[in-house]
Amino acid sequence: SSWVLAEDPTAGLQIFTSPMAASLDTERVLEYLGVYSEDAQREYLEHLVLHLRSENGKYHTQLAIKYIEQITYWKGMESSEPHGDLLVLPGNEAGMLGEFRSKLIALLETSTAYHLQTLQTRLAQSSLYYERLILFKKAGQHREALRAIVYSMGNLPAAEYYCLFPDASIADCIVASATIPSFTGDAGDAAGGASSSSSSSTTTTTTTTSAATAASAAGASSSTGGRFVLP
């Protein structure tokens with residue numbers, strides 16, 4: 001099978017993913033594939049985790065690391081084209097970068113088997129802030145999540161939304177911050193124009209309080225700008 005892997009990794013991989021290969025030692029297969037093809041090794045991990053539904057945390061962690069390596073590579077290879085005011089969430093980028101990032105995000109959000117601390121360490125010095133936020137939220141590390149949103153992403157409105165809607169996904173927080181002009185300024189202005197309405201007053205108080213809460217929790221001033229950055 002070595003010559004097949006060398007010539008055509010996809011075809012060579014089928015030798016190890018066919019029903020007849022079910023009795024093979026997966027650890028030895030992974031070690032063998034790593035010698036001849038990193039792509040085949042990654043695809044075999046996908047076979048174990050996504051198709052065979054293995055709950056082995058080691059495989060989930062290894063697959064996530066493979067995705068991180070690919071994302072790092074393609075981030076350096078693909079130029080970032082300006083999108084104007086268009087919101088492009090991580091995982092929706094063009095080309096291979098978007099493909100691998102969407103796979104990593106799906107794995108981080110849905111799997112409960114990977115070793116969270118290992119992946120946090122792996123991502124700690126990276127610019128993959130969105131993925132780091134997913135891990136912070138999963139670990140219940142909400143202060144760290146808010147600090148990343150406010151300081152690393154410069155997005156106070158998303159931090160406010162995170163505080164207001166704790167069950168919301170990270171994507172929901174970011175989309176809301178981009179589609180709602182401001183939880184503090186604009187909401188306050190709108191409420192000021194209808195100060196006689198008790199509901200407007202309540203809304204203003206709630207949004208201002210949430211801004212202060214988010215900023216305080218992150219260790220920031222509540223006047224921090226809501227600049228939107230997705231690295």
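A residue counts as buried when its relative accessible area is under 20%. The model shown in these views is predicted.

**Figure 1. Helix α8 and its cover.** Helix α8, residues 129-138, is mostly covered, with eight of its 10 residues buried. The buried residues are Tyr 129, Tyr 130, Glu 131, Arg 132, Leu 133, Ile 134, Leu 135 and Phe 136. Among the elements that cover them are α6 (95-110), α7 (116-123), α9 (142-152) and α11. After α8 comes Gly 140, which has a positive phi near 75 degrees.

**Figure 2. The largest nonpolar core.** This core has 52 residues. Leu 33, Tyr 44 and Leu 133 have the most contacts inside the core. Helix α5 gives the most to the core, with seven residues. Leu 133 is also one of the buried residues of α8.

**Figure 3. Surroundings of Tyr 44.** Tyr 44 is among the residues with the most contacts inside the largest nonpolar core. When residues up to four places away in sequence are not counted, Tyr 44 touches Leu 13, Phe 16, Thr 17, Thr 26, Val 29, Leu 30 and Leu 33. Leu 33, one of these partners, is likewise listed among the residues with the most contacts in the core.

**Figure 4. Packing of helices α10 and α11.** Two packed helices are described by the angle between their axes and the distance between the axes. Here the axes of α10 (residues 156-164) and α11 (residues 170-179) come within 8 Å and cross at roughly 130 degrees. That angle makes α10 oblique to α11. The crossing of α10 and α11 is right-handed. From α10, Pro 157, Ala 158, Tyr 161 and Tyr 162 meet Ile 170, Asp 172, Cys 173, Ala 176 and Ser 177 of α11. The residues of this contact divide into seven nonpolar, one polar and one charged.

**Figure 5. Thr 61 in helix α5.** Thr 61 is found in α5, which spans residues 57-77. The relative accessible area of Thr 61 is 9%, so this residue is buried. Leaving aside neighbours within four places in sequence, Thr 61 is in contact with Tyr 114, His 115, Thr 118 and Leu 119.

**Figure 6. Arg 53 in the loop between α4 and α5.** Arg 53 lies in the loop that runs between α4 (38-51) and α5. Its phi is near 60 degrees, a positive value in a residue other than glycine. With a relative accessible area of 61%, Arg 53 is exposed.

**Figure 7. Ala 11 and Ala 40.** Ala 11 is found in helix α2, residues 9-17. The relative accessible area of Ala 11 is 30%, so Ala 11 is partly exposed. Ala 11 and Ala 40 are 29 residues apart in sequence, and their C-alpha atoms are 9.4 Å apart in space.

**Figure 8. The chain as context for the close-up views.** The protein chain has 13 helices and zero strands. Of its 231 residues, 40% count as buried. Among contacts between residues at least 6 apart in sequence, 57% join residues at least 24 apart.

Conventions:
Residues numbered from 1 in each chain as written. Predicted model: local features only at pLDDT ≥ 70, side-chain atom pairs only at ≥ 80, totals over all residues. Heavy atoms only, no water. Axes fitted to C-alpha atoms, helices over the stretch in contact; angles between N-to-C directions. Helix = DSSP H or I, 4+ residues; strand = E, 2+ residues; numbered from the N terminus. Parallel < 35°, antiparallel > 145°, perpendicular 65-115°, else oblique. Left-handed = near helix turned anticlockwise from the far one by under 90°. Contact = heavy atoms within 4.5 Å. Nonpolar A, V, L, I, M, F, W, Y, C, P; charged D, E, K, R; others polar. Buried < 20%, exposed > 50% of the residue type's maximum accessible area, 1.4 Å probe, protein only. Core = buried A, V, L, I, M, F, W, Y, C linked by side-chain atoms within 4.5 Å.
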